[in-house]
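Subject: Structure for you to look at

Hi,

Here is the structure I promised to pass on. Please open it first, then read my notes below.

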Amino acid sequence: MITATPQPPPQVMGEDGLGPVRLPVDRETHQFDDWTIGYTKSHILKSVCVNDNRCVAGEEGCCELCVYYFTLEIPHLPDMVFHRNVLRVTHTSGAQLEFNPIDALKLVRNGKLDLKVACSEEWRESRPEAAHTTDKVKHFDWTFSTEYSGTTNERFAVEPTDQRIDMFKLMRREPILFYHDLTLFEDELHDHGISLLSVKVRVMPSGFYILLRFFLRVDGVLIRMNDTRFHYEKGNDYILKEFTHREAKVEQLKQVPPALFTNPNEIVEHLPVIRKVSEKLTIVKSE
């Protein structure tokens, strides 16, 4: 998990703090005890600078695309970045948990990628700008793999824990008070697979549950999945968080029907767990 970082200068942002408003934005909130759970949803990020590449970092009028490029250190963005898609969970104490695409893309490696597949060269050839940034693209993780697990502010104390999320409790039948599914970014890897980051939230009478999932499938090569689960139970002053990294090469999945490779909910049970981290996010009480 990364801590909240300063946003681009206010003068380039809209009222929601996500950049200049150009197209309609869909938003909804739900009140659950002392929590406000809400999302913002809109169009994908434009693929060209609306100011004819004359944007200057930090200046008023800097377009949304250039704000991303000035903030990130990667030479190319996913084909579809839903830059206004944000999920926020805010407590009356001021504690806030947020999920947004720009913080997720900050964790994409800009170093050499060990994944040797034919489509990496095709990826470069499909993007005109790659010809002008050969060295940078050569060392760029074109799968957009990220271990992003949400953004918290200083009102949460994060610490390791032996407590586990009770998945059986989450499987109990309960009324769904609020539900939404947001895509943060997506790339089809030049038709050689998919790289997808999404977040889902579900509110029940007993609490709320969030699943942040990064799913990567490189056809004929590997499948990778980073799941971060959050569970809050009514009456607690903390949220339990579990990050799980799973991965397998396709040659290790010979006993699995290939039809399952495209379904994250099905293939997840066949991927070995590489790493798991459990944490507790405790609300910092005001003095």
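Let me start with the salt bridges. The count comes to 14. A salt bridge here is a side-chain nitrogen of Lys or Arg within 4 Å of a carboxyl oxygen of Asp or Glu. Side chains of opposite charge can pair when their charged atoms come close.

Before the details, two notes on the source. This is a predicted model, in which local features need pLDDT of at least 70, side-chain atom pairs count only at pLDDT 80 or more, and totals for chains, interfaces and linings use all residues. Residues are numbered from 1 along each chain as its sequence is written, and side-chain values use heavy atoms, with hydrogens and water left out.

Some salt bridges to find

- Asp 103 and Lys 106 meet through their side chains, at 3.1 Å from N to O. Asp 103 has 2% relative accessibility and counts as buried. Lys 106 has 31% and counts as partly exposed. The cut-offs are these: buried is under 20% relative accessible area, exposed is over 50%, and partly exposed is in between (1.4 Å probe, protein chains only).
- Lys 285 and Asp 237 form a salt bridge at 3.0 Å, N to O. This pair links distant parts of the chain, 48 residues apart. Lys 285 is in the segment after β14 (273–283), and Asp 237 is in the loop between β12 (222–233) and β13 (238–249). Helices (H or I, at least four residues) and strands (E, at least two) are DSSP runs, numbered from the N terminus. Lys 285 is exposed at 56%. Asp 237 is partly exposed at 30%.
- Lys 276 pairs with Glu 242, and their closest N and O atoms are 3.9 Å apart. Lys 276 lies in strand β14 and Glu 242 in strand β13, so the pair ties together parts 34 residues apart in sequence. Glu 242 is buried, at 8%.
- Arg 213, Asp 227 and Arg 229 are linked in a network of salt bridges.

The largest pocket

How many residues line the largest pocket? The lining has 20, and Lys 46, Ser 47, Val 48, Leu 65 and Tyr 69 lie nearest its centre. Two elements give two or more residues to this lining: α1 (64–71) and β4 (80–81). The largest share, four residues, comes from α1. By type, the lining has 13 nonpolar, three polar and four charged residues. Ala, Val, Leu, Ile, Met, Phe, Trp, Tyr, Cys and Pro count as nonpolar, Asp, Glu, Lys and Arg as charged, and the others, Gly among them, as polar.

A pocket is defined on a 1 Å grid over the protein atoms alone, as an open set of points where a 1.4 Å probe fits, with protein on both sides within 12 Å along at least five of seven lines. Lining residues have an atom within 4 Å of a point.

Helix α1

Its buried residues are Glu 64, Leu 65, Cys 66, Val 67 and Tyr 68. What covers them includes β4 and α2 (101–105). Contact means heavy atoms within 4.5 Å.

Two backbone angles

Most residues other than glycine have a negative phi. His 190 has a positive phi of about 55 degrees. Asp 191 also has a positive value, near 65 degrees. His 190 is in the loop between β9 (178–187) and β10 (193–204), and Asp 191 lies in that loop too. His 190 is partly exposed, at 31%. Asp 191 is exposed, at 62%.

Best wishes
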